[in-house]
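Take a look at the structure below. We'll walk through how its inside is put together.

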Amino acid sequence: MSAVPDGKKLVRSPSGLRMVPENGAFTSPFSLDEPQWVPDKEYLAPQILICPRCMQCDTKFDFITRKHHCRRCGRCFCDKCCSQKVALPRMCFVDPVRQCAECSLISQKEVEFYDKQLKVLTAGGTFLVKVDSSEKSETMVCRLSNNHRYLFLDGESHFEVELSRISSMQVLTEGSTPGGGSLRASGMVLQYKPPGSQNLQQLHMDTADDKRVASAWLAAMHKAAKLLYESRDQ
């Protein structure tokens, strides 16, 4: 284990090298924990093989057909069913890691989120923002922090929303109905708990100024919300 700049450290796990925060409290809310691997043998009865066959094609493992574990789900597969090495940024792996066919498809979609949508979210968009039932709205730039833990809102005032304290998120749309074209993201309603409070506060955001950029930000935030809820349900 060795320390590196920016508050991160390099850790070697059975699945590969991972770059993780020095302080676990600063882990990205999109992150997933490494899975427990399906063990080779029963702990109290080592003569009993728990996974004697590939969990996809049912091929029996032997000296020629070796067993491999998917780094995302932890299940056992033969080389044919677990041959792809795909980037897995949600588990902070430095290099692409071996994954089964099902998991590799999911990870490939997530790589697109990390490569494209996260850049949109950290760049920010401009919105008309209302807090709770206030009639007054303020033009603010909303962006995701570089560590992915906060939404920063900046205008005449400034405040932050911690993603882990968001209880619900609804993206509002406008445009044509089915058969008349695609819908466009036009706003978002967040419910969250401010620091030190258990009471929900509501944040209403409508696109302002460059609506194209703001709509792209909302679409990226919609995808981020799915990953956020998956991480919580792990």
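What follows covers the nonpolar cores and the ring pairs.

## Ground rules

This is a predicted model, where local features need pLDDT of at least 70, side-chain atom pairs count only at pLDDT 80 or more, and totals for chains, interfaces and linings use all residues. Residues are numbered from 1 along each chain as its sequence is written, and side-chain values use heavy atoms, leaving out hydrogens and water.

## The cores

Let's start inside. A nonpolar core is a set of buried Ala, Val, Leu, Ile, Met, Phe, Trp, Tyr and Cys residues joined through side-chain atoms within 4.5 Å; buried means under 20% relative accessible area, exposed over 50%, and partly exposed in between (1.4 Å probe, protein chains only). The largest one here has 32 residues, and Phe 30, Leu 121, Leu 151, Leu 203 and Trp 217 touch the most other members.

## The rings

Rings of Phe, Tyr and Trp (its six-membered ring) pair if their centres lie within 6.5 Å; planes under 30 degrees apart are stacked, over 60 edge-to-face, and the rest tilted. The whole structure has 4 aromatic pairs. One of them is Phe 30 with Phe 113, edge-to-face at 5.6 Å centre to centre and 80° between the planes. Both Phe 30 and Phe 113 are buried.
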